Amino acid sequence: MWYHRPVINEELLQSLPNLKVVASSGVGIDHLDLKLISSYGVKVSNTPFVVSTDTADLGMTLMLASSRRLVEGHEMAVSPDTEHFPADWLGVEVSGATLGIVGMGTIGYKVAERAKAFEMKILYHNRNQRKKEEESAVGAFYCKKIDDLLQQSDFVLLAVNLTPQTCKLIGKRELELMKPTATLINISRGLVVDQDALVEALQNKVIKAAALDVTYPEPLPRDHPLLKMKNVIITPHIGSATKKTRWVMMEEMAESIEAGLAGLPIPREVL
């Protein structure tokens with residue numbers, strides 16, 4: 001499967017009686033009905049670890065681009081109407097700011113490693129607290145309640161898996177808890193954020209900005225209000241989109257398929 005295609009539904013499973021394994025690219029499995037697939041005796045694999053470095057890099061890229069208004073600045077610099085650069089055109093600081101990471105798995109932790117180099121104060125919210133030595137290595141502080149993280153952070157970065165518990169995890173209430181100067185960064189899944197609530201929060205200056213690699217749907221309808229906002233950066237779900245990583249993803253998928261066909265244990269099997 002690549003970009004969730006083909007759709008693995010009952011009709012497809014019934015039409016493929018010899019199917020042994022579904023190899024899905026990336027880390028997310030929210031597009032798969034694991035119980036249904038398992039009921040047909042089919043195994044599932046994904047590529048969860050290879051994507052983490054590039055996705056963490058993109059999280060930092062979005063934070064830097066949004067804070068320094070990179071897209072707006074580029075447009076100003078290349079516009080045929082620009083005669084001078086205004087002295088009062090300013091961004092906000094990343095170095096020394098507070099970063100709140102929601103979801104401290106492999107990707108979230110790699111973001112924290114990068115943020116440490118920017119001398120950021122790092123808060124995180126996760127189902128389980130990391131080991132003390134892991135926290136100390138990046139200088140991260142655990143927030144048992146997400147509300148505490150939202151209230152303190154200058155940047156809130158989402159790196160959670162999409163589950164029934166995280167669907168619309170960030171809604172109107174959560175956005176109102178954030179600082180009016182805060183930026184929301186989403187590198188997880190579009191449905192983790194209530195997009196209608198986000199539009200309203202940005203229009204009413206409840207938060208300052210958003211930087212999104214994921215939306216719902218993808219791509220957004222061309223008349224969607226998020227596409228018209230200067231304080232929003234949207235990229236086309238490119239967290240893992242580097243040549244090396246995509247090549248390794250394909251290699252890992254091929255390994256899983258070969259193992260499944262041979263009746264061997266499947267690397268990176270989703271249980």
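Predicted model: local features only at pLDDT ≥ 70, side-chain atom pairs only at ≥ 80, totals over all residues.
1. Conventions. Residues are numbered from 1 along each chain as its sequence is written. Local features need pLDDT of at least 70 and side-chain atom pairs pLDDT 80 or more, while totals for chains, interfaces and linings use all residues, and side-chain values use heavy atoms, without hydrogens and water.

2. Sides of α10. Buried in α10 (under 20% relative accessible area; exposed is over 50%, partly exposed in between; 1.4 Å probe, protein chains only) are Thr245, Arg246, Met249, Glu252, Met253, Ser256, Ala259 and Gly260. They cover an arc of only 150 degrees around the axis, so they sit on the same side of α10; the arc is taken from the directions from the helix axis to the C-beta atoms. The face turned away from them carries the exposed residues Lys243, Lys244, Trp247, Glu258, Leu261 and Ala262. The cover over the buried residues includes β1 (21–23), β2 (43–45) and α3. Gly263, with a positive phi near 75 degrees, follows α10.

3. Thr106. This residue is found in helix α5 (residues 106–117) and, at 38% relative accessibility, counts as partly exposed. Leaving aside neighbours within four places in sequence, Thr106 is in contact (heavy atoms within 4.5 Å) with Phe49, Ser52 and Arg130.

4. Cis peptide bonds. One joins Arg5 and Pro6, with omega about -5 degrees; Pro6 is in the segment before α1 (10–15). Another joins Glu218 and Pro219, with omega about -5 degrees, and Pro219 is in the loop between β8 (209–212) and β9.

5. Tyr3 has phi near 50 degrees; it is in the segment before α1 and is partly exposed at 48% relative accessibility. His237, in the loop between β9 and α10, has a positive phi of about 55 degrees.

Note on methods: Helix = DSSP H or I, 4+ residues; strand = E, 2+ residues; numbered from the N terminus.
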